[in-house]
Amino acid sequence: LRGANWTRDASDRELEPLVGQETRGWGFVRLARAIDLWMGELARSGRTASTRFSYERYLFKLVDDLERSRPDVGVREVTTNDCRAFLDHWIGREPSTVCSIHSALSGLFGWLYREGEIDVNPMLRIARPRRPRPEDVDVVIVTRAEVEKMLQACQTWQEMLCLSVLAYTGSRRAAASRLRCRDVDLVEGTKRFKEKGSKVAVKPISNELLAILHAACESTEVSCKPDDYVIPNRRLATVRRAERSDKVIWETVRKVADRAGAKSTVHALRRAFAVAFLESHPGALVSLQALMNHSRVDTTEVYLRALNRTQAMEPVRDLSWGLGSSSDQGKAHTGFEPVPPP
């Protein structure tokens, strides 16, 4: 401080905007800068890169919309109607997409409110969209017979190992892609997965999968060095990054499913594993929760409710209106047969 008696000069006028920003807080900081800071907060809290990328993509679309009318918009200038207008752009999209966008906006402004950088949360009055129940969502489903056909349609060890790991473990695509030979103990019959959320889980291996892994290691077509992937690449020497993309798993499943005349995804095989396990071990929800690496048992119960609903509808197969009671040369009489001329 220069004391009470000082005169303003050019240097004082240059420093005045900086002092004003310190006293006012983030009110005049651009919304884009606040998004960057929140992305860093999410990274430090352990949120996955895919989640951060999705949130960031939607939030910067909000910035683009607002800057058309108000360049350099600040975080305190965003209103509830601004958020409503942005959400209206996504009407008619998939419910999961709409919920993700709502979560991104709520997370950002909720964090700014808790930090004391805004006085009012503009998303507080906007109700979260209703997400459909998981068992009511139209998802790809593969039956036990289709899984067996896909396993029989495998032509290479790469395809066989990919389908076997997914069908016998119910692992997610990313976890199956990161599984290396050093993570599998063929003596103890266990595998070590790097699961969603940076969690590590050691799980037992089924006897059939253990036999497949032994046969693969004994063959000359598969390399079983500690750093090699359990599911090989389709083309050797194509991965130069430290960790390959899990797209190889998706492409292999789609290719084998097309060859077998079925429609399948990686998550469809995960769902088939859960249903087959519950059919063989009724009521073993705690075991399935650990195998599926679910944080909450409510998520595991989704597969149980879907299985119970399917089994509850099976008695309809016995429904009869008497059309099959009489037959003519092995054919059911429907009442619409042509009448022969006299």
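These are my notebook entries on a few places I looked up in this structure, which is a predicted model.

**Entry 1: the sheet**

I began with the strands. I found an open sheet of 3 strands, in the order β1-β2-β3, with antiparallel pairing. I noted that β1 (184-185) and β3 (200-204) stand at the edges with a single partner strand each, so one side of each has no neighbour in the sheet. As background I wrote down that strands of a sheet pair through backbone hydrogen bonds, either parallel or antiparallel.

Next I went through the pairings. β1 is joined to β2 (residues 190-194) by 2 bridges, and the two run antiparallel. In this pairing I found T190 of β2 as the bridge partner of D185. For β2 and β3 I counted 5 bridges, again in the antiparallel sense. Here K194 has V200 in β3 as its bridge partner.

I then looked at the hairpin of β1 and β2, which has 4 residues between the strands. G189 in this hairpin takes a positive phi near 70 degrees.

**Entry 2: rings**

I looked for aromatic pairs and the count came to 4. One of them is Y58 with W90, an edge-to-face pair with 5.6 Å from centre to centre and 80 degrees between the planes. This pair links distant parts of the chain, as its members are 32 residues apart. Y58 belongs to helix α3 (residues 49-69), while W90 is in the loop between α4 (80-88) and α5 (95-114).

I checked the cover of both residues. Y58 counts as buried because its relative accessibility is 8%. W90 has a relative accessible area of 11%, so W90 is buried as well. I also noted that ring pairs link Y58, F86 and W90 into a cluster.

Another ring I looked up was that of Y229. The charged end of R180 sits over this ring, 4.2 Å from its centre. The charged end of R244 also sits over the ring of Y229, at 3.9 Å from the centre.

**Entry 3: a positive phi at N293**

I wrote down first that most residues other than glycine have a negative phi. N293 is not a glycine, yet its phi is positive, near 60 degrees. I found N293 in the loop between α12 (285-292) and α13.

Is N293 buried or exposed? Its relative accessibility is 14%, and buried means under 20%, so N293 counts as buried.

**Entry 4: a nonpolar patch**

Last, I looked at the surface. V316, L319, W321 and L323 make a nonpolar patch of about 520 Å². L319 has 56% relative accessibility, and the cut-off for exposed is over 50%, so L319 counts as exposed.

Definitions and conventions: Residues are numbered from 1 along each chain as its sequence is written. This is a predicted model: local features need pLDDT of at least 70, side-chain atom pairs count only at pLDDT 80 or more; totals for chains, interfaces and linings use all residues. Side-chain values use heavy atoms; hydrogens and water are left out. Patches are made of residues with over 30% relative accessible area and no salt bridge: like charges are joined within 9 Å, nonpolar side chains (Val, Leu, Ile, Met, Phe, Trp, Tyr) within 5 Å. Accessible areas come from the Shrake-Rupley method with a 1.4 Å probe; for residues, only the protein chains shown count as cover. A salt bridge is a side-chain nitrogen of Lys or Arg within 4 Å of a carboxyl oxygen of Asp or Glu. Buried means under 20% relative accessible area, exposed over 50%, partly exposed in between (1.4 Å probe, protein chains only). Two strands pair if DSSP finds at least two bridges between them. Rings of Phe, Tyr and Trp (its six-membered ring) pair if their centres lie within 6.5 Å; planes under 30 degrees apart count as stacked, over 60 as edge-to-face and the rest as tilted. A charge sits over a ring if NZ of Lys or CZ of Arg is within 6 Å of the ring centre and within 35 degrees of the ring normal.
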